[in-house]
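Please open the model in your viewer and keep the selection tool at hand. The stops below follow one another, each with something to select.

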Amino acid sequence: LTKEEPPDLLGPYRVFLEEFKDVVTFCRTDGNQMHASRIKPEHLYVWPNWLNDPKKRTKGNCGVELRSGKSPDEWISPCVEARYSKIGRPNTYYRICLPLTWLNKEGSSGVLSTLQRSLVDFPLHSGYVGYSFSWEQSTPHVIDVTEPYFSRWLQRHPGILAPEAGTQSNTIPFSFADLGWITLLGNACISKLGGLNILRQSLAHLPSVIV
């Protein structure tokens with residue numbers, strides 16, 4: 001992002017807004033980390049405007065959350081988190097949560113279509129798709145009540161993915177965060193694994209895995 005003309009990172013955000021901008025009700029930006037506020041039209045441009053400003057990008061550390069819900073502490077899908085951080089090794093991540101009602105309607109073909117539209121010319125490192133919890137992870141009293149339950153549920157049900165993308169983003173420059181129902185690997189990750197042909201050969205004995 002420190003380049004004069006960085007790659008286009010807005011694909012996932014644009015695709016999310018195309019379908020859900022009239023559904024999300026609350027937002028939080030880096031200037032208001034502890035408290036969400038009701039969405040106004042200008043809030044939808046905080047992330048794009050920051051990405052398009054070279055001076056702001058060099059300073060680093062920007063993020064936005066858009067989510068549904070009836071109160072500032074209620075976090076209901078659909079929701080999106082987008083963040084760029086210079087803490088440790090610089091990294092950018094998205095986390096998009098869609099409700100099960102959407103999945104029931106659109107099916108796996110809808111998931112694949114959304115991914116393909118989101119990742120056109122996107123400089124992907126890695127990513128994954130799966131089932132997870134969507135919860136208000138920044139308000140202290142919410143964390144105090146919910147975190148013990150989430151920790152136990154995640155240990156008991158390995159198929160449920162971690163609900164906090166921010167903690168995983170610190171490991172991504174060195175590897176990839178998780179394996180999901182769909183696992184996305186960019187060119188750098190594929191190269192580390194020996195290339196696409198090697199990956200296909202390594203997984204050929206697993207008939208349920210498609211590369």
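Buried here means under 20% relative accessible area, exposed over 50%, and partly exposed in between, with a 1.4 Å probe and protein chains only. This is a predicted model, in which local features need pLDDT of at least 70, side-chain atom pairs count only at pLDDT 80 or more, and totals for chains, interfaces and linings use all residues. Residues are numbered from 1 along each chain as its sequence is written, and side-chain values use heavy atoms, leaving out hydrogens and water.

Colour G11, P12, Y13, V15, F16, L17 and F20 to see the buried ones. Their cover includes α2, β3, β4, β5 and α4, where contact means heavy atoms within 4.5 Å.

Next, select W47. Leaving aside residues up to four places away in sequence, W47 touches L10, Y13, C62, G63, V64, A82, R83, Y84, T92 and Y94.

Now display the strands. The order β2-β1-β3-β4-β5 makes an open sheet of five strands with antiparallel pairing; two strands pair if DSSP finds at least two bridges between them. β2 (37-38) and β5 (91-97) are at the edges with a single partner strand each, so one side of each lacks a neighbour in the sheet. Finally, select β3 and β4, which run antiparallel and are joined by seven bridges. Here C62 lies opposite Y84 of β4.

Notes: Helix = DSSP H or I, 4+ residues; strand = E, 2+ residues; numbered from the N terminus.
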